[in-house]
Amino acid sequence: MKQIKRKNNMAIIIAGAFSLFLLATYINHRIQTARESDLLLPLGRLVEVDGHNMSVYSEGTGETTLVFMSGGGTCSPILDFKSLYSLLSDDYQIVVIEKLGYGFSDVINESRDIDTILSQTRAAIQRAGHDGPYILCPHSMSGIEALYWAQQYPDEVEAIIGLDMAVPQYYDAMNITIPVMKIGQYAAALGITRLIPGISESDAIKHGTLTDEEKAIYRAVFYNRTATATMIEEAKSIKENAGAVKLGGVPAVPMLLFISDGSGGTGFDMETWRQIPKDYLSMAQNARFIELDCPHYVHDYEYERISKEIKLFLDTLSENND
């Protein structure tokens, strides 16, 4: 009995110590978040969509509008794409859409079917004052939304420039680990992520051209927009969303796809990662690809080359339209 009692007491002590640890990390998280309040002021414009605020960032000049659409889980799309679009804004109008749950947009806990996501994106960009047609520049998961946009509203999409974007066939074999995402959500909410060295150092911070102030903003956004409820709902719906896009076939718009080596969190080996979009483009009428020897966030590594290739692609597109 004494041995059992000692074990019970030890369990109580361990549970109490763990509870105190979680309380301390949460209090620290709230204190740090309050200190970061100046870093969390929206970088773009907030527009109301379906009763929620969506963040839309714009810069640059020109008649052609490039719309950058972030991959799943990218906490700060505006800063994530900056190394690339800063090389393009002298010639084109740049727009970055931060979906609900991302960046400076509101976090919601609602279904994220493809029709709702696209409806909100289209409403946000139009309310921010940008009319189509657009050149869509999706990264990763948002490739599904970009393809659906071109399928449903072909007059609004002039071309798609895929930044290692997803095509529907990726999700036939991809394993979506929602429990892992939920752990990340709880860790972020409790402030545990603040204790993990280097976790906030994104590819944009390590390899891009962000200033020290922009890096500080990115880190602050990371600690407040990691594995949000909206991102998790989006991940839950992605296979069904990809299936809907797959049924719609390959849209008849010009496409240029930049394809990475598959490293950096895709879950695929290089050969498989590169072959899937090649097979997809084989069914397209006007499309080509460029392989890059870098990880998945291609725009944080090869921004100079990508910017040059985009300009060449758009020059050719303009000439063909004349």
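Predicted model: local features only at pLDDT ≥ 70, side-chain atom pairs only at ≥ 80, totals over all residues.

Me: What is the volume of the largest pocket, and which residues are closest to its centre?

Reply: The largest pocket comes out at about 1,200 Å³. There are 42 residues lining the largest pocket. Closest to its centre are G72, G73, T74, G265 and Y297.

Me: How many residues of each class are in the lining of the largest pocket?

Reply: Elements giving two or more residues to this lining are α6 (178-190), α8 (212-224) and α9 (229-247). By class, the lining of the largest pocket splits into 19 nonpolar, 18 polar and 5 charged residues.

Me: Which element gives the most to the lining of the second largest pocket?

Reply: This pocket has a volume of about 150 Å³, and 13 residues line it, with A188, A189, Y223, N224 and T226 closest to its centre. At least two lining residues each come from α1 (2-35), α6 and α8. The top contributor, with 3 residues, is α6.

Me: Is D164 buried or exposed?

Reply: D164 is a residue other than glycine with a positive phi, near 50°, and its place is the loop between β6 (157-163) and α6. Buried means under 20% relative accessible area. At 1%, D164 is therefore buried.

Notes: Residues numbered from 1 in each chain as written. Heavy atoms only, no water. 1 Å grid on protein atoms, 1.4 Å probe; cavity = no way out; pocket = protein on both sides within 12 Å on 5 of 7 lines; lining within 4 Å. Points joined across faces, edges and corners; volume = space filled by probe spheres on them. Helix = DSSP H or I, 4+ residues; strand = E, 2+ residues; numbered from the N terminus. Nonpolar A, V, L, I, M, F, W, Y, C, P; charged D, E, K, R; others polar. Buried < 20%, exposed > 50% of the residue type's maximum accessible area, 1.4 Å probe, protein only.
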